[in-house]
Amino acid sequence: MLKRVVVTGLGSVTPFGVGHRTLFDALVAGKSAVSLVSSFDTSEFKTKIAAEIKNFDPDPYFPKSETRRMDRFTQFASVAAKDAILDAKIDLNHLDKNRAGIVLGSGFGGIMTTLEQHKILLERGAKRVSPMCVPMMIPNMAAGTLAILFGLRGPNETVCTACASSSHAIAAAFRMIQNGKADIMICGGSEAPVNPLIVAAFSSMNALSKRNDEPEKASRPFDKDRDGFVLGEGAGILVLESLEHAKARKAYTYAEIAGAGSSTDAFHITSPDPDGSGAKSAMRAALADAAITPDEISAVTAHGTGTIANDVTETKALKAVFGEHAYKIPINSIKSMLGHALGAAAALEAVSAVSSIVEGIIPPTINLENHDPECDLDYVPNTARKAYLKYVMTDSFGFGGQNSVLIFKSVNN
Amino acid sequence: MCFEKIADIVRHHLALDENVEITPESSLKGMKIDSLDVVEIIMKIEDAFEIEIPDEKLKEFQNLGDIANYIKSVKES
């Protein structure tokens, strides 16, 4: 008998600040987090914009003796997890810590540390490379650090599936609780990719928007004039529990995870299968896992990156899976405001989807001024919309063709 | 001067409060820090004094005073 799994805590670190309420208020207000990059000189770069977290300071949350040994992506994860654990009102002193674990996702892990230490290697030689280089750069160190900070000794894993990483991480945590391997899981993802190498690398792929003169208008999923995605950063964390564990401690329940589905395009290293085959399979797998029909879905939080390829392919896949119902459901992309936080994106979208269910309001897709004729669904353009939401689907598709779809369900507290 | 400079490096690296006493008798091992911190602190000391401390020498040091004395002897020779 599979256990039911509920969401009892939310945490986030985004350019809007720390905390899921701060995030959701900004999303509902349709605010853009995109601005000119301030952390490095972009004069030689085609793209000079990002949804960058400016002046991030982890020191109010953890002692300096801890934070100085964390890469920026681990700092984001640690602060977001602390926020989520506080939100879930978990008493760490009365928790069976062997039954509490962590699954996080990240695309690049400690890439900032890698770059800093590589610079030291080239400029000052091998003997000056820090002994903290490996522990700070490895992508599993965010999850390892959370275990140390909170003393959680249950399952601990890291998923790396590019832009779908944190969706797969949430799905993995969901399965562990469903199957009785853990009672409570901290899950989600973090990413800190706003640095010269990653901006240059995505630019070379022509993946990034070059709308440098209008940063706030640069991320425009499903719009005819979109010209690529905008790099973002941050962390999103969910606390998942078995329904019985949440009930036993009288926890507030935000939503239930109804199902998860996963698939692979097996088509191209970066381009989605133009038929949306992989995306369709993942959506159908999630619907089957939740044991619901497509017309029971109330809304979709899209992957919606704002690249030419993604938005058309995702729209095709939605139409194929939902049929006529695709035209009746609101589909939003919060990447229009937050940019694309890669390995953290799906977790931030999960935070938004769950908040939408609880608050009864869907954040808009901003900058949707001229519909792409090939993107002709209801993308909640520019203004948030009130709606009763029973089931919300979130889509995530990663480079490598790795797809993950989650379905969240409303609960009555 | 040499010892004070070392004490400053240790204090700064470990983010220690001003009221934590660091003396020439203080040993890095006694400060409840791990081997990664020891390596980082030694690298900072090497940078600050523009010297290189051989690995064999590191094993002989019992406390911060020993490091200061070693640096003095290298600088004077």
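Predicted model: local features only at pLDDT ≥ 70, side-chain atom pairs only at ≥ 80, totals over all residues.

Trainee: Does Lys335(A) count as buried or exposed?

Mentor: A residue is called buried if 20 or more other C-beta atoms lie within 10 Å of its own. Lys335(A) has 29 C-beta neighbours inside 10 Å, so this residue counts as buried.

Trainee: Which residues does Lys335(A) touch, not counting those up to four places away in sequence?

Mentor: Glycines are among them, namely Gly304(A) and Gly306(A), along with Thr305(A).

Trainee: What separates the centres of domain 1 and domain 2 of chain A?

Mentor: The domain assignment gives 5-221 + 230-248 as domain 1 and 260-409 as domain 2 of chain A. Taken over C-alpha atoms, their centres are separated by 21 Å.

Trainee: Which element gives the largest share of the side of domain 1 of chain A that touches domain 2 of chain A?

Mentor: The contact takes 51 residues from domain 1 and 49 residues from domain 2 of chain A. Several elements of domain 1 each supply at least two residues of that side, including strand S1 (5-14) and helix H1 (20-28). The largest share, 7 residues, comes from H7(A).

Trainee: How many residues of chain B are in contact with chain A?

Mentor: Chain A brings 7 residues to this contact, and by class they are 2 nonpolar, 2 polar and 3 charged. On the side of chain B, the number is 6.

Technical notes: Residues numbered from 1 in each chain as written. Chains lettered and ligands numbered in written order. Contact = placed C-beta atoms within 7 Å. Nonpolar A, V, L, I, M, F, W, Y, C, P; charged D, E, K, R; others polar. Buried ≥ 20, exposed ≤ 12 C-beta atoms within 10 Å, placed from the backbone. Domains from an automatic or database assignment. Helix = DSSP H or I, 4+ residues; strand = E, 2+ residues; numbered from the N terminus.
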